[in-house]
Amino acid sequence: MNLTLKVWRQNGPEDKGRMETYPVSDISEHMSFLEMMDVLNDQLVRDGKDPIAFDHDCREGICGMCSMFINGEAHGPGRGVTTCQLHMRSFKDGDTIYIEPWRAQAFPVIKDLVVDRSAFDRVIQAGGYVSVNTSGNTIDANTIPIPKADADEAFNAATCIGCGACVATCKNASAMLFVSAKVSQLALLPQGQPERELRVKRMVEQMDKEGFGNCTNTGACEVECPKGISLTNIARMNRDYLTASLKGE
Ligand code: SF4
Ligand code: FES
């Protein structure tokens with residue numbers, strides 16, 4: 001395939017940035033999107049130009065690093081896949097592809113397609129942990145029976161990889177899908193009960209402090225989330241937050 005890429009280039013946080021056009025040729029339909037970007041960067045390096053900065057780590061849909069807005073969609077046209085799992089067979093020979101970083105006030109651009117998502121880390125630090133003693137004389141997990149439905153829901157929430165596609169997709173740059181997944185994975189299990197109310201208060205407060213917007217109830221985040229995190233987690237988080245507020249946590 002021969003393609004035209006329109007890529008966002010930005011030298012640093014203060015640079016205002018611009019779109020640049022790059023042709024790429026002989027792209028196999030079996031390549032992943034990131035492998036196609038590698039081909040372009042190889043070409044740029046050989047031409048003595050600055051390669052495009054983009055984040056990646058696992059390249060198998062686990063780490064959540066490969067944040068890219070492709071043709072106006074977070075992680076591109078596929079459903080339930082991250083950018084690293086997107087294959088070039090999703091595009092046609094001769095296509096023009098627009099590639100941009102996540103755009104949100106709380107995710108400032110560091111360079112080109114790389115954004116700073118440390119706001120997510122700070123939300124987790126605010127309460128996304130349990131303080132039960134899990135070292136030393138731990139008891140066998142199976143001694144605490146957990147209803148299968150709760151275990152499944154907790155597991156589903158725990159599949160959130162913190163990629164930030166929900167934020168990038170939301171017109172308000174809301175982080176509620178991410179935060180609610182992190183709240184829910186603990187709220188649904190017995191081990192998460194001791195700090196349940198304090199946790200939701202602290203994590204929501206940190207989310208607001210980081211400058212993420214409010215939920216718009218449009219559900220775009222759920223559609224674009226590569227892990228299919230459900231909006232029901234947001235409803236659970238709102239209920240827990242209300243309970244915690246009424247109790248004065
Ligand atoms: S909720 Fe989905 S889109 Fe948002 S950070 Fe988690 S995995 Fe990514
Ligand atoms: S590089 Fe890890 S999820 Fe894409």
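This is a predicted model: local features need pLDDT of at least 70, side-chain atom pairs count only at pLDDT 80 or more; totals for chains, interfaces and linings use all residues.
The chain has eight helices and seven strands, and its C-alpha atoms fill a box of roughly 60 × 40 × 35 Å along the principal axes. Of its 249 residues, 36% are buried. Looking at contacts between residues at least 6 apart in sequence, 70% join residues at least 24 apart.

**The ligand shell**

- Ligand 1 is surrounded by 14 residues. Cys160, Cys163, Ala165, Cys166 and Cys225 are the closest of them.
- Two helices, α4 (165-169) and α5 (176-187), each put at least two residues into that shell.
- Which element supplies the largest share of the shell? That's α5, with three residues.
- By class, the shell around ligand 1 comes out as 11 nonpolar residues, two polar and one charged.

**The open sheet**

- Five strands make up an open sheet, and they line up as β2-β1-β5-β3-β4 with mixed pairing.
- The edges belong to β2 (18-24) and β4 (73-74); each has a single partner strand, so one side of each has no neighbour in the sheet.
- Strand β1 (residues 3-9) runs parallel to strand β5 (residues 96-100), and four bridges hold the pairing. Here Val7 sits opposite Ile99 in β5.
- On to β3 and β5: these pair in the antiparallel sense over two bridges. Ile99 in β5 turns up again here, this time opposite Ile70.
- Strand β3 (residues 69-70) is also joined to β4 by two bridges, again antiparallel. Phe69 has Ala74 in β4 as its bridge partner.

**Helix packing: α5 against α8**

- The axes of α5 and helix α8 (residues 232-246) come within 8 Å and cross at roughly 70°. Angles of 65 to 115 degrees count as roughly perpendicular, so that's what α5 and α8 are to each other.
- From α5, the residues in this contact are Met176, Leu177, Val179, Ser180, Ala181, Val183, Ser184 and Ala187. They meet Asn233, Ile234, Arg236, Met237 and Asp240 in α8.
- Sorted by class, the α5 and α8 contact has eight nonpolar, three polar and two charged residues.

**Helix packing: α6 against α8**

- Helix α6 also packs on α8: their axes come within 9 Å and cross at roughly 105°. The two helices are therefore roughly perpendicular.
- On the α6 side you'll find Arg196, Glu197, Val200, Lys201 and Val204, which meet Met237, Asp240, Tyr241, Thr243 and Ala244 in α8.
- This contact of α6 with α8 counts five nonpolar residues, one polar and four charged.

**Helix packing: α5 against α6**

- How do α5 and α6 run relative to each other, roughly parallel or roughly antiparallel? Their axes come within 10 Å and cross at roughly 170°, which makes α5 roughly antiparallel to α6.
- In α5, Val179, Lys182, Val183, Leu186 and Ala187 do the touching. Their counterparts in α6 are Arg196, Arg199, Val200, Met203, Val204 and Met207.

**Backbone spots to check**

- Most residues other than glycine have a negative phi, so the next two deserve a glance.
- Asn71 has a positive phi of about 50°, and it isn't a glycine. You'll find Asn71 in the loop between β3 and β4.
- Is Asn71 buried or partly exposed? It has 15 C-beta neighbours inside 10 Å, so Asn71 counts as partly exposed.
- Asn217 is the other one, with a positive phi near 60°. Asn217 lies in the loop between α6 (196-209) and α7 (220-224).
- With 9 C-beta neighbours inside 10 Å, Asn217 counts as exposed.

Conventions: Residues are numbered from 1 along each chain as its sequence is written. Chains are lettered from A and ligands numbered from 1 in the order in which they are written. A residue is near a molecule or strand if its C-beta atom, placed from the backbone, lies within 6 Å of it. Ala, Val, Leu, Ile, Met, Phe, Trp, Tyr, Cys and Pro count as nonpolar, Asp, Glu, Lys and Arg as charged, and the others, Gly among them, as polar. A residue is buried if 20 or more other C-beta atoms lie within 10 Å of its own, exposed if 12 or fewer, and partly exposed in between; C-beta atoms are placed from the backbone. Two residues are in contact if their C-beta atoms, placed from the backbone, lie within 7 Å. Axes are lines fitted to C-alpha atoms, for helices over the stretch in contact, and angles run from 0 to 180 degrees between N-to-C directions. Angles under 35 degrees count as roughly parallel, over 145 as roughly antiparallel, 65 to 115 as roughly perpendicular and the rest as oblique. Two strands pair if DSSP finds at least two bridges between them.
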